[in-house]
Amino acid sequence: MAGEFKPTEAATSVFTFIKAHPAFVARFVLFSIAATLPWIIYFVFVSGKIIEYVGLDGRNWEDIEAFRAMFSQINAMPLLIATAIFCFALSVATQAMAIRKTVLNQETGILGLAWGGFETRLSIICIIFSFAPLLIFWPLFKTFAIMADGTARIEALVAPLVLFCIAFLFFIPFFIYAIGRWGLYGICALQENNFGIKAAGKVSKGRFWVLFGAFALTYLIWMVISGIFQNLGRVLLGLHDVVITDPTEFAEFMALFTPELISKFSVYMLVLMIIGALMHLAYICTGAFAYLKIKQAETANHALEETK
């Protein structure tokens, strides 16, 4: 098993893929942005209504019931549900498109986008993995709710905080284990025509740390790239030393956004979204590279055994 592939080769395989399939990568980035943009539009719309209601410094605040009525009036919750469904479906279809291309070098559907059994299975697994962290952070949300209640006693904070610490400490080793053990589940779901969990565990047997190392190195590479562009952009926009600690400073921060700065900030956000899409593609390429190298080694070993 040793020597089947190097984590450095897997983590940098995305650059070779980009060079070999520039048109596909451009489509992948476009679809990824399309799956993110509605969230930004929703956030800007709702935030604008909130600022209009309470004011930049909170001076127009009335009470919680009136605030909820305002949310109901702008249909914030139905819009949130519709946005979530659209973005999630497009995100899963885009991910499936990339897995199919990197593993099989195939494209199906419209411009590579399709929805079938593979996408359905992938969406179910994605939902499970997406909501698992929320369950862990639920005690922390409960803590904030208790703190918001002025009549609550300080002792009521102890239990949810302790529960959160225990859950968080459990989550870290489980997250590491999940990456090394089931990191190839999406690829295996495509190849095995099932959820891919069992197959991914079988493929990762004896290769846990090399797979974890490949994904961890991919993360580090793209966090460095993202960090460089984030800090460079903030400096160029003049926002690098802005720190918001109270509503008054938020009002001052919003006043900085002149029409000229808004256009530059939009370009900055677009660059970050492109980097985020390429980072997602890098994870898929890392898994595909590792999977194909493992299968090539298994085929070669099988052929060698048959000749003996």
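By salt bridge I mean a side-chain nitrogen of Lys or Arg within 4 Å of a carboxyl oxygen of Asp or Glu. Glu4 sits in the segment before α1 (7-11) and Arg207 in the loop between α9 (197-204) and α10 (208-237), so this pair ties together parts that are 203 residues apart in sequence. Helices here are DSSP runs of H or I, at least four residues, numbered from the N terminus.

A word on the source. This is a predicted model, where local features need pLDDT of at least 70 and side-chain atom pairs count only at pLDDT 80 or more, while totals for chains, interfaces and linings use all residues. Residues are numbered from 1 along each chain as its sequence is written, and side-chain values use heavy atoms, leaving out hydrogens and water.

Are Glu4 and Arg207 buried or exposed? Both are buried. Buried is under 20% relative accessible area, exposed is over 50%, and partly exposed is in between, with a 1.4 Å probe and protein chains only.

Next pair. Arg27 and Glu107 form a salt bridge at 2.9 Å, N to O. Arg27 is in helix α3 (residues 22-54); Glu107 is in the loop between α5 (76-104) and α6 (117-148), 80 residues apart.

Glu107 also meets Lys101, in a salt bridge of 3.2 Å, N to O. Glu107 is partly exposed, at 37% relative accessible area. Lys101 is buried, at 10%. Elsewhere, salt bridges with shared partners join Glu4, Arg207, Lys295 and Glu298 into one network.

How many salt bridges does the whole structure hold? The search finds six.

Methods: Helices (H or I, at least four residues) and strands (E, at least two) are DSSP runs, numbered from the N terminus.
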